[in-house]
Amino acid sequence: MAKRVLTTESGAPVADNQNSATAGVGGPILLQDQHLLEKLARFNRERIPERVVHARGSGAYGYFEVTDDVTGFTRADFLSSVGKRTETFLRFSTVADSLGGADAVRDPRGFALKFYTDEGNYDLVGNNTPVFFIKDPIKFPDFIHSQKRDPFTGKQEPDNVWDFWAHAPEATHQITWLMGDRGIPASYRHMNGYGSHTYQWTNAEGEAFFVKYHFKTNQGVRSLSADQAAELVGKDANSHQTDLLQAIERGVNPSWTLYVQVMPAAEAADYRFNPFDLTKVWPHSDYPLQRVGRLVLDRNPDNVFAEVEQAAFSPNNFVPGIGPSPDKMLQGRLFAYADAHRYRLGVNHTQLPVNAPRTAVVDNYGRDGIHATRNGSRHDKNYEPNSYAGPAQTDAALAAPLAIHGWTGTHEAPAHAKDDDFFQAGELFRLMSEDEKGRLVANIAGGLSQVTRDDVIEKNLAHFHAADADYGKRVEEAVRALRED
Ligand code: HEM
């Protein structure tokens with residue numbers, strides 16, 4: 001094999017990579033040492049801003065294969081026939097900690113999936129939890145501030161975490177989920193993924209449906225207790241990354257089965273819960289799971305920075321037949337992600353290999369900006385309309401229109417007959433075994449008992465009481481016992 005030659009960034013051969021050039025032996029360094037200057041300067045620029053949330057993550061490529069006919073609900077081409085395969089990239093993540101954070105922590109996990117479809121990339125940016133803490137995006141920056149490091153102490157503070165929740169009764173359902181047995185997944189392979197929001201599907205006839213996505217792990221759900229997790233973090237802070245990387249390297253390819261819950265659009269208005277409220281699930285007895293296909297991860301990225309750190313998923317990357325619902329949280333996210341990408345990766349982040357469509361052709365009039373690589377040829381006009389047969393609109397909406405009534409204003413999301421902030425949290429508590437209830441209560445009390453203000457504790461206790469009398473009583477007793485210690 002030919003010997004490889006070390007070069008500068010401009011491709012010139014490097015004579016010495018061990019000794020910098022000096023004025024005489026023992027003298028100061030020469031400004032003309034291009035290789036040294038370039039090396040030091042490039043090193044200073046290695047980091048890019050980490051994701052403002054979900055900074056720590058792991059990714060893998062794979063494919064999605066349709067196993068069941070869903071053409072009655074959506075005209076999305078990648079779901080159009082049984083057996084059809086689409087290449088995918090999935091990034092898993094924790095939420096609250098920074099890039100160097102440990103994997104085995106109590107935190108939701110991100111489940112961000114990119115389908116490289118023939119009609120453009122479809123990004124489904126979900127979590128391993130079917131619900132979320134809040135239901136209006138205007139609260140998101142405050143929520144995240146309260147969960148990440150305190151600006152004075154530089155660490156996560158139970159006072160902040162629980163103070164936010166004291167003012168967010170709608171978080172009770174997600175807190176019950178997070179503090180329960182599924183709150184610390186054993187690995188990324190052993191957890192489910194959810195779209196969490198309600199999305200809209202439209203079929204070829206233009207009929208609209210509302211759907212919720214559920215990716216059920218075929219490895220089985222496995223979780224860690226608080227003690228097991230603490231031990232694992234001490235042994236291998238990167239345990240989820242190690243597990244995913246090694247499984248795929250060994251050819252043990254993890255897979256998930258995708259199911260959807262489908263609600264005909266006309267049923268949304270009178271459903272007993274607001275179907276667009278992200279703090280609620282749709283009971284399966286109302287809308288059963290219908291199988292769609294199988295997701296398999298079978299290839300590790302070759303380079304974590306290029307492919308995982310630079311991966312950009314945006315909930316507003318839809319394809320024909322799939323669109324947003326009026327869920328206010330989702331609507332806020334339709335803005336937030338691509339904006340984050342422009343800041344973190346630059347305006348041309350969609351041209352990076354991991355983000356660029358694979359089979360779909362990008363053809364538009366967007367031009368220039370930092371790091372432009374695909375920028376049109378001498379034959380392409382950079383304005384539209386034009387007389388030169390440039391790309392033109394289709395006049396076919398991606399999804400069906402939604403009827404809207406009323407006045408503009410800062411409205412709360414409409415409450416339906418059974419909507420309150422506590423009912424489903426109580427249902428989840430009552431579904432748990434006696435043992436799990438015990439662990440749930442211990443986990444909540446472990447955090448809540450560290451709060452320094454009694455009024456914050458009281459407000460949180462009131463939420464658990466409202467969810468279920470037994471739930472509230474047990475948490476209250478456990479918090480009192482820990483505070484008396
Ligand atoms: C209004 C609410 C929310 C806002 C404003 C928001 C905003 C953000 C932002 C700015 C990022 C960083 C994106 C990047 O730099 O690439 C992010 C990452 C992420 N968010 Fe959200 N988020 C919200 C709610 C949610 C919800 C409800 C879910 C799940 C159902 C979710 C799942 C994720 C995931 C999985 C990532 C990581 C994506 C990746 O792997 O690159 N977020 N979020």
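This is a predicted model: local features need pLDDT of at least 70, side-chain atom pairs count only at pLDDT 80 or more; totals for chains, interfaces and linings use all residues.
**Entry 1: N127**

I started at N127, which is buried because 22 other C-beta atoms sit within 10 Å. My cut-offs: a residue is buried if 20 or more other C-beta atoms lie within 10 Å of its own, exposed if 12 or fewer, and partly exposed in between, with C-beta atoms placed from the backbone. Residues are numbered from 1 along each chain as its sequence is written.

N127 lies in strand β4. Strands (E, at least two residues) and helices (H or I, at least four) are DSSP runs, numbered from the N terminus. Leaving out residues up to four places away in sequence, I found N127 touching P108, R109, G110, F111, Y194 and S196. Touching, or being in contact, means that the C-beta atoms of two residues, placed from the backbone, lie within 7 Å.

**Entry 2: H54**

Which residues does the UniProt annotation "active site" cover? I looked it up, and the unreviewed entry lists H54 and N127. They are spread over 74 residues of sequence, yet they cluster in space, with a largest C-alpha distance of 10.5 Å. UniProt positions are in the numbering used here, feature names are shortened, and annotations may be inferred rather than shown by experiment.

I found H54 in the loop between α1 (34-44) and β1 (57-66). Is H54 buried or exposed? H54 counts as buried, because it has 22 C-beta neighbours inside 10 Å. Not counting residues up to four places away in sequence, H54 touches S93, V95 and G110.

**Entry 3: around the ligand**

I counted 28 residues surrounding the ligand, and the closest are H54, R91, G110, P137 and S196. For this, a residue is near a molecule or strand if its C-beta atom, placed from the backbone, lies within 6 Å of it. Helix α8 gives the largest share of the shell, 8 residues. By class, the shell has 15 nonpolar, 9 polar and 4 charged residues. Here Ala, Val, Leu, Ile, Met, Phe, Trp, Tyr, Cys and Pro count as nonpolar, Asp, Glu, Lys and Arg as charged, and the others, Gly among them, as polar.

**Entry 4: Y337**

The unreviewed UniProt entry has a "binding site" annotation that covers Y337. I found Y337 in helix α8. Y337 is partly exposed, because 19 other C-beta atoms lie within 10 Å. Y337 touches V125, F313, S314 and P315, not counting residues up to four places away in sequence.

**Entry 5: two domains**

The assignment gives domain 1 (57-130 + 185-351) and domain 2 (134-167 + 420-485). Such bounds come from an automatic or database domain assignment. Taken over C-alpha atoms, the centres of domain 1 and domain 2 are 27 Å apart. I see 13 residues of domain 1 in contact with 10 residues of domain 2. Helix α8 (residues 328-344) supplies the largest share of domain 1's touching side, 5 residues.

**Entry 6: the cores**

Last, I checked the largest nonpolar core, with 52 residues, where L90, F209, V211, Y213, L258, V292 and I322 touch the most other members. A nonpolar core is a set of buried Ala, Val, Leu, Ile, Met, Phe, Trp, Tyr and Cys residues joined through C-beta atoms within 7 Å. Strand β7 (residues 208-217) gives the most to this core, 6 residues. A second, separate core has 35 residues, including V131, L448, Y471 and V479.
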